[in-house]
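My notes follow in the order I looked things up.

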Amino acid sequence: MDMKHAVSRRHFVGGMASVLGYLGLGPEANLLAQAPRAAGQGPGPVTADAYDALAKLGNNENPHGPPESVMKAMNHAFKYAQRYNYPDGGIVQAIADHHGVKPENVLLGAGSGEILTVVGTTFLMGGKKVVGVEPTYATVYQQATNIKAEAIKLPLTDDYRQDMAEMIKATKANYRDVGFVYLCNPNNPTGVIVTKQETKQLLDGIPEDMPVLIDEAYHHFVEDPNYATATPYVLEGRPVIIARTFSKIAGMAAMRLGYAVAPPELIQRMRPYASNSINVLAKWGGVASLKDTAAQERVKRETLQLRKKTAGELTSMGYAVIPSETNFFMVQVKRPVQGVIEDFRKRGIVVGRPFPPMVEHLRVSIGTPEEMDRFMVAFKEIFAGAKPTTAANRG
Ligand SMILES: Cc1ncc(COP(=O)(O)O)c(C=O)c1O
């Protein structure tokens, strides 16, 4: 064992009690119970050493972190750390230019999670309903619960797609009560896209004044030519709100930067509920990130290579993997996933929480090559002797 591994192993063992607490296996069993938590919220791990020793495959982050160009911009921005009204690098204009829209079409959030919450508050107040699928990213549903509004959650199709015909039906049937429709594209946790034809079908099929929130957090990882961003609908003036984040492709999850692109009248309705407290480093880093398309290409290439390699290995072992267009995938493990999650945790590997009703599917984020190696070693251990009975592996 070389020095680096010896040290990190010592840290790992030394931090084990707190890791187990963090992982919900020790006395603090429910500290981080497997309830969905909005990105960037909730208690952090007990110690940094314990956290650093984990393979972090549970939150669809970007293990590469910000590239050099973004680090430089953020370092530069430190000189404004003690100010209020400082130059912000032109972040709103940069986002507007990136999408070919105007600054009044853009609202910043501390992560796109804030945008989802703001949309929830703006359009669900007064006991309205949101229409969406289950499972999907849960923040808008949580916000609905927080403000005593409701969600109409529709099941996915047998091939894990979001069913546009059912969404249209539910929206029309509840028209007077529906505040907005939520579409996560590609969907988290499945990694499956809504095609551009399906997006059009939805927008043409629901009442034309119905707001639609389209969450494009994983936009940059998609390869399928049938996918397209829905931002052109904003330019057409349709009541479409696009949510984007710098947490995934840009590797800035802890910096908390996201935004909405929407028609100005919707942005104006949302703005009073936004915190307007994005930090200076995130703003300058965001501007640099939008320019560094080469870094984003690199992240995409390496992430997809690793995803395909890992999914291929699991498939050849007989486990069905849902074809993903993101930096994570789901594998059917043919047993209740809660126990599997705990088996991984005992090995210092954090994987995704359960996503009912898909309780035999494990969501795995793509980490570093080393993390994915640890995942595969652990997977083989946990499933040693198991005979997957999957008839049709979908690769
Ligand atoms: C689909 C989706 N939307 C939004 C978010 C929120 O991310 P953030 O608040 O870091 O931008 C996430 C985070 O995992 C996500 O998966």
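Before anything else, a convention: helices here are DSSP runs of H or I with at least four residues, strands are runs of E with at least two, and both are numbered from the N terminus. This is a predicted model, in which local features need pLDDT of at least 70 and side-chain atom pairs count only at pLDDT 80 or more, while totals for chains, interfaces and linings use all residues. Residues are numbered from 1 along each chain as its sequence is written.

**Entry 1: the overall count**

I get 15 helices and 12 strands for the protein. For burial I place C-beta atoms from the backbone and call a residue buried if 20 or more other C-beta atoms lie within 10 Å of its own, exposed if 12 or fewer, and partly exposed in between. On that scale 47% of the 395 residues are buried. Two residues are in contact if their C-beta atoms, placed from the backbone, lie within 7 Å. Taking contacts between residues at least 6 apart in sequence, I find that 74% join residues at least 24 apart.

**Entry 2: the ligand shell**

Which residues come nearest to the ligand? Out of the 15 around it, they are Gly-111, Ser-112, Gly-113, Thr-245 and Ser-247. A residue is near a molecule if its C-beta atom, placed from the backbone, lies within 6 Å of it. I sorted the shell into 5 nonpolar, 9 polar and 1 charged. In this sorting Ala, Val, Leu, Ile, Met, Phe, Trp, Tyr, Cys and Pro are nonpolar, Asp, Glu, Lys and Arg are charged, and the others, Gly among them, are polar. Domain 1 (3-65 + 294-382) and domain 2 (68-292) each give at least three residues to the shell. Those bounds come from an automatic or database domain assignment.

**Entry 3: helix 15**

I checked the length of helix 15 (residues 369-382) next. Its 14 residues should span 20 Å at 1.5 Å a residue, and its end C-alpha atoms are 20 Å apart, which agrees. The expected span is 1.5 Å times one less than the number of residues.

Glu-371, Met-372, Phe-375, Ala-378 and Phe-379 are buried in helix 15. Down the helix axis these buried residues fall within an arc of 125°, so they line one face. The arc is that of the directions from the helix axis to the C-beta atoms. An α-helix has 3.6 residues a turn, so residues three or four places apart point the same way. On the other side of helix 15 I see Glu-370, Val-377, Lys-380 and Glu-381 exposed. The buried residues pack against several elements, among them helix 13 (293-316), helix 14 (337-346) and strand 12 (361-365).

**Entry 4: helix 14**

Helix 14 buries Val-337, Val-340, Ile-341, Phe-344 and Arg-345. These cover an arc of only 145° around the axis, which puts them on the same side of helix 14. The face turned away carries the exposed Gln-338 and Gly-339. The cover over the buried residues of helix 14 includes strand 11, strand 12 and helix 15. After helix 14 comes Gly-348, with a positive phi near 75°.

**Entry 5: helix 4**

In helix 4 (residues 68-77) I find Val-70, Ala-73, Met-74 and Ala-77 buried. Their arc, seen down the axis of helix 4, is within 95°, so they line one face of the helix. Glu-68 and Asn-75 are exposed on the other side. Helix 12 (280-291) is among what covers the buried residues of helix 4.

Most residues other than glycine have a negative phi, and most peptide bonds are trans. I went looking for exceptions.

- Asn-188 and Pro-189 are joined by a cis peptide bond, omega about 25°. Pro-189 lies in the loop between strand 5 (178-184) and helix 9 (196-205).
- I place Pro-357 in the loop between strand 11 and strand 12.
- Asn-276 is not a glycine, yet its phi is positive, about 55°. Asn-276 is exposed, with 12 other C-beta atoms within 10 Å.
- Lys-334 has a positive phi near 60°. Its loop runs between strand 10 (328-332) and helix 14.

**Entry 6: Thr-122**

Is Thr-122 buried, exposed or partly exposed? Thr-122 is partly exposed, with 19 other C-beta atoms within 10 Å. I find Thr-122 in helix 6 (residues 112-124). Leaving aside neighbours within four places in sequence, Thr-122 is in contact with Arg-269, Met-270 and Tyr-273.
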